[in-house]
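The paragraphs below take them in turn.

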Amino acid sequence: MRASFDVRNADADTLSNPELKPFTMVSADSHVSLPPKMYKDYVDSKYHGEFDGYLEDVGVINQVVGLTGYPAPEESLEVYDKRGVVSRAGEVGYFDPVWRLRHVEAEGIAAEFLHPFGPIGFVPFLDPQNSRRSNELRKAGAQAHNRFLQDFCSEAPGRLLGVPLIYPWPDWESTVAEIERAREAGFHAIFPPMTPGSAPDDLPALYDSWWDPMWAACQDLGMVVHIHAGFGNAQGFVVGWIRSMFSRTSGEAATGEGLAALDESMLPKFDPDAGPDGAGTNSFLSELFETFGERRPLWQLMWGGVFDRFPKLKVAFSEIHADWVPVTLDFLERAHAANPGKMKLKPSEYWARHCACGTSLMRYGDVAVRHEVGIDKLMFGSDFPHFEGTWPNTHDWIRATLGSVPEVEARAILGENAIEFYGLDRALLEKTAKRVGPLPAELFTGQPVDPKLIRHFEFRAGINKPVNFNVDQMSQAFEEDRTGAYQALTAAGTSI
């Protein structure tokens, strides 16, 4: 047993004990967005006539938000919402910065990187969630979100770290100016379009030198490029997939009215104890993070020469786990050894020089490969306020996944890596951590996490799931991208 602490006998060595230093926690992946109708206040008035089309897309997607288990039923709240923060509208922090700070500080988090999108709304006119829109409208939606983002983050500069949407229209000069404004506003990262390479009549893949003005600006300004879950799908994919999946039996394409009349028994229920013998099963939501498109930029940037042209560029892969990285790098190393082309470094060296993972929904598998990924490459993400994220159980989630690793490694993953990778204000965050950060003895209590809560983590994010690596899928995608990269280099006048 530990001896009781006697302050009368404390000396300098005792008081400098690491056990009395709080964790400085940074979430490399969290989310903000307005409820859909509130975006109209930020959209340029000349586009208000297009707003009804955006709201129609929202209506379609909202019909199947229940597939994610949202909102959670009362019996689930009894397990994972013991503090009552979800049932008392904690999710208002999604768009209210005061509520936001109150709830993330209660989880011990000093700062967050704030991505768009989530269950209560998504940005107008953009990306796979919306039907295909003109470039002008997509730019207008991005600018509307960025205006909201700057207002939101002004409540706590240096701690609410917005990730603005950067869209390459009407030209690169104006887009680079937008990156510069974001840096001046105190932001450290950008959110590029999610659609590159997904459709022949849309944006080119990231290996194309067409993107070089963006890479150059980010390198020069020290802005990290975020590749987020959902990357690689064509605009209109999500809403089109939903309409197709829930089309009427007559074969007629579904409309909002048709979806509204959908039999709720067709939708999966939130029941972590479902499955054979009550052993539980993964949810529709946990399967969403087994996608592949967001991995492809890794080798596209290598084989496309982007990392050679921009040796100081930084890229973070957010909300897509890290367990896929070692096996993917092994594949790429073999491909490079067989045909190195003009690449200046090995794939593993590019990874070490340029990349990191914002490991939201952290699984046991992510932690198991932390040294293969790079102990300095993993960054914790709470995914607040998304249902699949750690909130409101962040400490229990950390205990479950990081409870057996050395403290110095836990500190690195929970915040130190993000501070270093992005160049954050350490003094500000450590000062904040003195007020809100958990102490080691408070975070790692040695007590097991409630098995019922672990079952919820499994349902929400597949905490026990093994790495998903399909070698046939990888081989096909890699060959397509290597061929495309070589063609792009040739067209740009660069020898292979």
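The side chains of D323 and R363 form a salt bridge, with N and O 4.0 Å apart; the term means a side-chain nitrogen of Lys or Arg within 4 Å of a carboxyl oxygen of Asp or Glu. This pair links distant parts of the chain, 40 residues apart. D323 sits in the loop between β6 (315–318) and α13 (325–338), and R363 in the loop between β7 (355–360) and α15 (364–368). Helices (H or I, at least four residues) and strands (E, at least two) are DSSP runs, numbered from the N terminus. D323 is buried, at 9% relative accessible area, and R363 is buried at 1%. Buried stands for under 20% relative accessible area, exposed for over 50%, and partly exposed for what lies in between (1.4 Å probe, protein chains only).

The model is predicted: local features need pLDDT of at least 70, side-chain atom pairs count only at pLDDT 80 or more, and totals for chains, interfaces and linings use all residues. Residues are numbered from 1 along each chain as its sequence is written, and side-chain values use heavy atoms, with hydrogens and water left out.

How many salt bridges does a search of the whole structure find? The count is 20. Another of them joins R100 and E112, at 2.7 Å from N to O. This pair also links distant parts of the chain: R100 belongs to helix α4 (residues 97–106) and E112 to strand β2 (residues 109–115), 12 residues apart. Both R100 and E112 are buried.

Elsewhere, salt bridges that share partners join E416, E420, R426 and E430 into one network.

The cysteines come next. A disulfide is a covalent bond between the sulfur atoms of two cysteines; the cut-off used here is a pair of cysteine sulfur atoms within 2.5 Å. The structure holds 0 disulfides. C355 is in none, and the nearest cysteine sulfur, that of C357, is 8.3 Å away.
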